[in-house]
Amino acid sequence: MCGIAGILGPSTPDMMGRMLNALVHRGPDDHGHFRAPGVAIGARRLKVIDPGGGHQPLSNENGTVWVALNGEIYNYRSLREDLIHKGHRFRTECDTEVLAHLYEEEGPDGITRLRGMFAYMLWDQRAQRLVVARDRLGIKPLYYAVHHQTEAGKADLIAASELPALVTALREPRLRRDALVDYLTWLYVPAPDTIYEGVHQLLPGHQLICDQGAVQVRRYASIEPAYPGFSWSSIEEAAEHFYGLFRDAVRAHLASDVPLGLFLSGGLDSSAILAMMREATPGPIKTFSVGYGHEADRSYNELAVAHDVARRFETDHTEAVLRPDITALLPKVVRAMGEPFADSSSIPTYLVSEMARRRVTVALSGVGGDELFGGYPRHLGMRLAARYQWLPIAVRGAFSSLGSAMLPEGVDGRDNLGRLKRFLRWGTEPLADQYGAWTTHLPQEWGWRALHDDLALSSETQAVARARHYFEAWHSPDPADRAMGVDLQTYLPDDLLRLGDRMSMAHSLELRVPFCDHHLLAFALSLPASLRFRGSRLKGFLRHAFRHTLPPSVVDGPKLGFRVPLARWFKEDLAGMVGDLLGEQAVRQRGILRPAYVRWLVEEHRSGRRNLTDQLYAALVLELWMRQQAGTI
């Protein structure tokens, strides 16, 4: 695992030095850079494969192709063997060197042969071409900014693994006001945009090619349903095929020359990975779980379930019962994300990564199982919404009014009453807009009125339109399938994978996600939603596939994960911080949210009438991040 940076155009060694210094947490073991007229590529390295070799950037035999990699290429050994047979000579056992020789052999199209999680930069000295690429699902990050020189018909490019590193090379970074709307709507800024003007995220499955100064962004891999019809004779045959694919994917993700472990929540996804790890190795397996020690937070602990799973598979299990000082911890989490990001799952991921790093350098995680195999109630809810649309719109409108009048204001969408109220409220809208409303976070009572005047005017952002497009363009008659298609292209890369990468890398820990293997993705996309939800159950197919491997308490149990008691913290531990950072004068001076809205959030949540943790957390994180950028906190 590494952090990488690149500059195409005029630069100084000091510019590259600043970028690499901002990435030291991603690669504390080594650093290096390559410079030639008009180009510079640098890397910070965390030694995982070939620790003794593999100093980056690496080149081909004659130094005409140079490459820096962030991530892991899991099939590098077979690619290396094939390239040696074709006459290429290798100096290391590192997966990065494979990229240089593969490019020599097949050019930019060689990327389609890679299996792994990666972002890389490759410089072709002869062709004067820079290739920047990102893996199919966006497991590894890549940010870039292009400065066009119109009089010369060329462009300068700056790229880096994280926003703070890239920003060190910008002259005057400016916030993008529309991005604030996106952030407060989804709790993150969706790709390809960022919080800064003119700075972009390279989308998953895309390459950026700067050839003789001309910039082109092109897709090399797409995500779309692939089932012309059920291609197996029975569900048993499909489950058997999946089981073999999953076992192979986990085995591939175990390639490491340093200690490796697993984040274990005790839920279906992480337990399934553990079962495959046990089949792959008879030796010790290190597993890690976290819980909370406060008496009021017992419901957030799944330590007992995780402990039982660890004991069943005879792991070397480490668990920690935590009483974190959240007022001291939260600024660290915000700084580690490097951008406004308000999924509170980042907090437990930060904590379990910190614990795991004391014993391992690489950890596996169950992220991706919900998006591939249907793990959220809203997926099944879309199927019900489609049937509900058979009712005349006047009837649905009446139910919407009735629900708003009769259901209590305290419901927030997290419990069954909340979901029902949300369902009825949006039941008159097209399915794409319903799903968008279900996955956004501005309270119904306020909507865009929660925002400052100029932000409310730009409420229909490109990101809103993009989410609607993903839903409508997914070629499936089943709205549950379309919902999963949206999540695969938005929530998974922009939220879950982003937080997993940043929180683990904050502790120089490499996080791997076997469910996001592209062979497994292709299988999942070959299954109709009706099979993924076998028996109208969330992850019904996955539960069926592991019914003989995992205990019933896991196969039939509820969704588990590393959670956080944020609602209580806002009433107690964080109350002082909220008062300091989200006071009337501070909110008014910031000019992003209306002071009346923030005051309403605090009062409603403190009174217990509403659970508004997501909205409060988004406001608090944004203010913390703003002050960190200004150097006032």
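Start with the salt-bridge network: R26, K140, E162, E339, D494, R498, D501 and R502 are linked in it. A salt bridge here is a side-chain nitrogen of Lys or Arg within 4 Å of a carboxyl oxygen of Asp or Glu. This is a predicted model: local features need pLDDT of at least 70, side-chain atom pairs count only at pLDDT 80 or more, and totals for chains, interfaces and linings use all residues. Residues are numbered from 1 along each chain as its sequence is written, and side-chain values use heavy atoms, with hydrogens and water left out.

R502 bridges to E339, with the closest N and O atoms 3.6 Å apart. R502 sits in helix α19 (residues 491-505), and E339 in the loop between α9 (326-337) and α10, 163 residues apart. Helices are DSSP runs of H or I, at least four residues; strands are runs of E, at least two; both are numbered from the N terminus. R502 and E339 are both buried. Buried means under 20% relative accessible area, exposed over 50%, partly exposed in between (1.4 Å probe, protein chains only).

Next pair. D453 meets R594 at 2.6 Å between the closest N and O atoms. D453 lies in helix α16 (residues 453-457) and R594 in the loop between α26 (584-590) and α27 (595-607), so this bridge ties together parts 141 residues apart in sequence. D453 is partly exposed, at 47% relative accessible area. R594 is partly exposed too, at 30%.

R113 is partly exposed at 30%, and E106 is partly exposed at 30%. The total by this rule is 41 salt bridges.
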